[in-house]
Amino acid sequence: MIPRRVNRGLLARPEARILDILVLRLPAWVSPDMLSGLGIVGAVLGCLGFALALTSWFSLGLVALGFLVNWLGDSLDGRLARHRRIERKIEGSILDNGVDLIAYLLLAVGFALSGLVSLPIPFLLLALYMLLSNLALARLIITGVHDLAIDSIGTTELRVAFLILATLLFLFPDVFQALIPLLDMSVLDFLSLFWACVMLLNFVLVLRRDIRLARQADQG
């Protein structure tokens with residue numbers, strides 16, 4: 001089954017317009033596989049920027065550059081292949097998913113190495129994101145539709161959110177590293193765990209919705 005890709009992300013429309021313009025301006029020697037590799041390079045840069053604990057403009061610049069490069073590579077590889085009519089639909093889908101997973105892991109590792117949060121938290125957030133992504137993949141198997149965003153949040157929206165977070169961590173480190181007395185944890189740890197709870201609740205709600213729709217389909 002060849003999936004039909006659907007992106008309902010908040011930034012999907014303006015992003016699509018920008019990508020359509022960029023695709024037309026890419027030189028002929030740039031290939032989709034090169035762009036996939038570029039996405040990994042961006043994730044490595046982001047990982048290094050976070051691992052440097054955002055203690056300088058250089059580290060913040062690495063994070064920003066990493067997210068930009070990762071976005072360009074990840075968003076343009078398949079689009080370029082479709083534009084040039086050289087798309088490998090099955091292989092391309094598997095490659096794209098694999099590259100995304102490597103990028104997510106690299107960013108989680110960088111955040112964990114930063115010392116800005118407790119070590120397990122980035123991997124907990126990654127695991128919860130994978131739970132939500134797995135529901136989208138289960139839906140793909142049944143419907144043939146690949147939802148690129150979880151509700152209104154896709155990878156582009158997450159990149160923007162993390163870039164904003166990195167900027168705030170750089171500008172106001174004392175605020176996020178301050179301890180919450182009653183909880184004996186930093187503000188950033190608390191906010192991260194709160195976000196983890198929101199993701200877990202969202203997973204439960206989405207799972208219930210999918211089960212209900214699947215039951216209706218079985219009965220219909």
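These legends walk through several close-up views of a predicted model. Residues are numbered from 1 along each chain as its sequence is written, and side-chain values use heavy atoms, with hydrogens and water left out. Because this is a predicted model, local features need pLDDT of at least 70 and side-chain atom pairs count only at pLDDT 80 or more, while totals for chains, interfaces and linings use all residues.

**View 1. Helix H2 and the residues it hides.**
Let's start with helix H2, residues 32-51. Helices (H or I, at least four residues) and strands (E, at least two) are DSSP runs, numbered from the N terminus. The expected span of a helix is 1.5 Å times one less than its number of residues. Buried means under 20% relative accessible area, exposed means over 50%, and partly exposed is in between (1.4 Å probe, protein chains only). Buried residues of H2 include Pro32, Leu35, Ser36, Cys47 and Phe50. Several glycines are buried in H2 too, among them Gly39, Gly42, Gly46 and Gly49. What covers the buried residues of H2 includes H3, H4 and H6.

**View 2. Two residues with a positive phi.**
Look at Ala53, in the loop between H2 and H3. Its phi is positive, about 65°, although Ala53 is not a glycine. Is Ala53 buried or exposed? Ala53 counts as buried because its relative accessibility is 19%. Now turn to Asp184, in the loop between strand S5 (179-180) and strand S6 (185-186). Asp184 is also a residue other than glycine with a positive phi, near 55°. Asp184 is exposed, because its relative accessible area is 62%.

**View 3. Ala81 in helix H3.**
Ala81 lies in helix H3. With 8% relative accessibility, Ala81 counts as buried. Contact means heavy atoms within 4.5 Å. Which residues does Ala81 touch, not counting residues up to four places away in sequence? They are Pro32, Ile86 and Glu87. Arg17 is 64 residues from Ala81 along the chain, and their C-alpha atoms are separated by 17 Å.

**View 4. Helix H4 from end to end.**
Helix H4 covers residues 89-113, 25 residues in total. From first C-alpha to last, H4 reaches 36 Å, close to the 36 Å expected at 1.5 Å a residue. Its buried residues include Asp96, Val99, Asp100, Ala103, Leu107 and Phe111. An α-helix has 3.6 residues a turn, so residues three or four places apart point the same way. After H4 comes Gly115, whose phi is positive, near 75°.

**View 5. Phe111 and the nonpolar cores.**
A nonpolar core is a set of buried Ala, Val, Leu, Ile, Met, Phe, Trp, Tyr and Cys residues joined through side-chain atoms within 4.5 Å. The largest one has 14 residues, of which Phe50, Leu54, Phe111, Leu169 and Leu188 touch the most other members. H3, H4 and H6 are the elements that give two or more residues to this core. Apart from it lies another core of 11 residues, including Leu135, Ile150, Phe203 and Val206. Not counting residues up to four places away in sequence, Phe111 touches Phe50, Leu116, Val117, Pro122, Leu165, Leu169 and Leu188.

**View 6. The second largest pocket.**
On a 1 Å grid over the protein atoms alone, a pocket is an open set of points where a 1.4 Å probe fits, with protein on both sides within 12 Å along at least five of seven lines; lining residues have an atom within 4 Å of a point. About 980 Å³ of space lies in the second largest pocket. Grid points are joined across faces, edges and corners, and a volume is the space filled by probe spheres set on the points. Of the 35 lining residues, Leu125, Leu158, Phe162, Trp195 and Met199 lie nearest the centre. Which helix gives the most to the lining? It is H8, with 8 residues. By class, the lining has 26 nonpolar, 4 polar and 5 charged residues. Here Ala, Val, Leu, Ile, Met, Phe, Trp, Tyr, Cys and Pro count as nonpolar, Asp, Glu, Lys and Arg as charged, and the others, Gly among them, as polar.

**View 7. Asp210 in helix H8.**
Asp210 is found in helix H8. Asp210 counts as buried because its relative accessibility is 17%. Leaving aside neighbours within four places in sequence, Asp210 is in contact with Leu135 and Arg139.
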